[in-house]
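Colleague: Could you take me through this model step by step? I would like to begin with the ligand and then turn to the sheets.

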Amino acid sequence: MTVTEVLQLVDQLVFKHRANHLNDLQSKVIKGIWEGQTYSEIADGFGYESENHVGNVSRDLYKILSKELGEDVTKSNFGWSIERLATSLNSSQQIVGIINNHINLCLNTSNGQKQASNDEEKTKQKTSYINLKQSPKISNFCGRSKELSTLSQWIDNPNTRLISVLGISGIGKSALVRYFIDIHTISFDAVIWKNIKLYKSLNSIITEILSELNTNNQNINTNSLLNQCLQLFNQKRCLIILDNFEEIFTNKQFAGQYKPEYQDYKNFLQIITEIEHQSCFILLSQEKCQEMISLDNELYPSHCLELSGLDESATQILQSQDLKDEESWLQLINLYEGHPTYLQYIIILIKDVFHGEVAEFIKENSLILTEDLKSLFDSIWIRLSDVEKDILLEISQHNHSISRDEIRQFLSLSSMDIINGLQSLSRRFLITKSEGNEKLFNLSAVFKEYLRFYQSVTNNPELNKNL
Ligand SMILES: Nc1ncnc2c1ncn2[C@@H]1O[C@H](COP(=O)(O)OP(=O)(O)OP(=O)(O)O)[C@@H](O)[C@H]1O
Ligand SMILES: [Mg+2]
């Protein structure tokens, strides 16, 4: 079999499973495995991909192939599994489609030629510039299939100009978008990831993007940066990811208020959503601001994806850490709300103190807060306004969901403060509406534990607001 035949066969199986063709990275990984390269050799060929990441991409592909072929496909039997499949199909013929579990063979060359021209078309669509140096590396990604398909739907729609991926710290925003870029066949001329923490101004980000994509080496005119930027986003289809967007919002005020030195981002977001161009921005943020709010209309150019915890797919995180007592894993995941970072911290604790025995940890019968968890919450706490802190402390005193009227009874705050405070806390994903009754507000059990812990330590009903 030739590499092209192998790629065609795997591509069809993957397409049948996920309705997505192999992306560039996946194709190269398959090619490398077929040619007997190690993960590290394949990774070397990419420059920016780690060996671990190549391993993950291939494991994801083995999983799909195993499901589609009804047998366990691994690195060691990959070649043989594919050859056996091809032989059973008569490998001398061109394989063009697998529909409803039947592998269709094309015996005439015109279809074969069509396939070749499709391949060419695909190559033409290849992204010509990718800079993901400022994105996190993914070592083990699991679940989120619904979110991945939502992103895919939005990104593939040429109307989409702004996507906000939102959620509490550590919930997996950066991991999701990085993984999406790795597995999705992206039809953009350029994909650029910028971590806002590394830049002192919007102008410095725009200038860098312009110089990265300035193929004609034109002088960048600092007086009309925004204009040049818009021209570029119109000429080329760019996907720009702005990570850690909450950096531009001010601390100790309600969510989504721009710091004075970052006011120009507001104008920038309005312009890129209102003015027509062919590029798309993805903002990753722990806080929602007015400019991100979408009108939930398919034709509207902006969308919000709010992340909550992982479902039982999080067992893969536990599996990769060789924890024991599989029957207790779901309990652990539920206890820590499927939050990948909380789980990572707890896994380390279970390995350090409980010899990896999850059941022993569960027997403790309480939510344990590690020092890492406390400092994660400290960094969230420090961003809040006094009104939000008062509301949170009040909610944490109750073992049930609580309504706005109840909060008003217990706190000597004005109605306006309570209403704005509740909206702000939901824009930070710290409170949620009760599923059964939208008038009631809930607090995450883990975060509640943190608030109670500090209250008990300080023995002060007013949690230390200077934390
Ligand atoms: N779906 C997932 N499967 C496995 N691990 C995950 C998943 N999502 C996130 N993680 C892991 O959880 C940790 C936190 O994820 P990530 O950095 O993406 O969170 P974040 O929402 O971007 O946080 P922050 O707001 O602080 O930037 C990382 O180590 C990441 O690899
Ligand atoms: Mg992040």
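Colleague: Which domains does the shell around ligand 1 draw at least three residues from?

Modeller: The shell draws at least three residues from each of domain 2 (129–306) and domain 3 (312–368); the domain bounds come from an automatic or database domain assignment. Please note that this is a predicted model: local features need pLDDT of at least 70, side-chain atom pairs count only at pLDDT 80 or more, and totals for chains, interfaces and linings use all residues. Residues are numbered from 1 along each chain as its sequence is written, while chains are lettered from A and ligands numbered from 1 in the order in which they are written.

Colleague: Which residues come nearest to ligand 1?

Modeller: Gly172, Lys173, Ser174, Ala175 and Pro340 come nearest, out of 22 residues around ligand 1. A residue is near a molecule or strand if its C-beta atom, placed from the backbone, lies within 6 Å of it.

Colleague: What is the make-up of that shell by class?

Modeller: The shell around ligand 1 has 9 nonpolar, 11 polar and 2 charged residues. Here Ala, Val, Leu, Ile, Met, Phe, Trp, Tyr, Cys and Pro count as nonpolar, Asp, Glu, Lys and Arg as charged, and the others, Gly among them, as polar.

Colleague: Which helices each supply at least two residues of the shell?

Modeller: Those are α8 (173–183) and α14 (340–353). Helices (H or I, at least four residues) and strands (E, at least two) are DSSP runs, numbered from the N terminus.

Colleague: Let us change topic. How many helices and strands does the chain have?

Modeller: The chain has 20 helices and 11 strands. Of its 467 residues, 36% are buried. A residue is buried if 20 or more other C-beta atoms lie within 10 Å of its own, exposed if 12 or fewer, and partly exposed in between, with C-beta atoms placed from the backbone.

Colleague: In what order do the strands of the parallel sheet come?

Modeller: The order is β3-β5-β6-β7-β4-β8, in an open sheet of 6 strands. At its edges are β3 (129–131) and β8 (302–306), each of which pairs on one side only. Two strands pair if DSSP finds at least two bridges between them.

Colleague: How many bridges join β5 to β6?

Modeller: There are 6 bridges between β5 and β6, and Trp193 has Ile241 in β6 as its bridge partner. On β3, Tyr129 has Ala190 in β5 as its bridge partner, and 3 bridges join β3 to β5. Elsewhere in the sheet, β4 (residues 162–166) and β7 (residues 280–285) run parallel and are joined by 5 bridges.

Colleague: Is β5 mostly covered or mostly uncovered?

Modeller: Strand β5 is mostly covered, with 5 of its 6 residues buried. Helix α9 (residues 202–213) lies across β3, β5 (190–195) and β6 (238–243), and runs at about 150° to β5. For such angles, axes are lines fitted to C-alpha atoms, for helices over the stretch in contact, and angles run from 0 to 180 degrees between N-to-C directions.

Colleague: What about the other sheet: which strands does the antiparallel one hold, and in what order?

Modeller: It is an open sheet of 3 strands in the order β9-β11-β10. The edge strands are β9 (402–403) and β10 (431–433). Ser403 has Leu440 in β11 as its bridge partner.

Colleague: Lys433 is in strand β10. Why does Lys433 count as partly exposed?

Modeller: Lys433 counts as partly exposed because it has 14 C-beta neighbours inside 10 Å. Leaving aside residues up to four places away in sequence, Lys433 touches Glu438 and Phe441; a contact requires C-beta atoms, placed from the backbone, within 7 Å.

Colleague: And Arg427, is that residue buried or exposed?

Modeller: Arg427 counts as buried because it has 22 C-beta neighbours inside 10 Å. Arg427 lies in helix α19 (residues 415–427). Although Arg427 and Gln286 are 141 residues apart in sequence, their C-alpha atoms are 8.4 Å apart in space.

Colleague: One last topic: what is phi of Asn244 near?

Modeller: Phi of Asn244 is near 60°, a positive value in a residue other than glycine. Most residues other than glycine have a negative phi. Asn244 is found in the loop between β6 and α11 (264–274). Lys252 is found in that loop too, and its phi is also near 60°.

Technical notes
Two residues are in contact if their C-beta atoms, placed from the backbone, lie within 7 Å.
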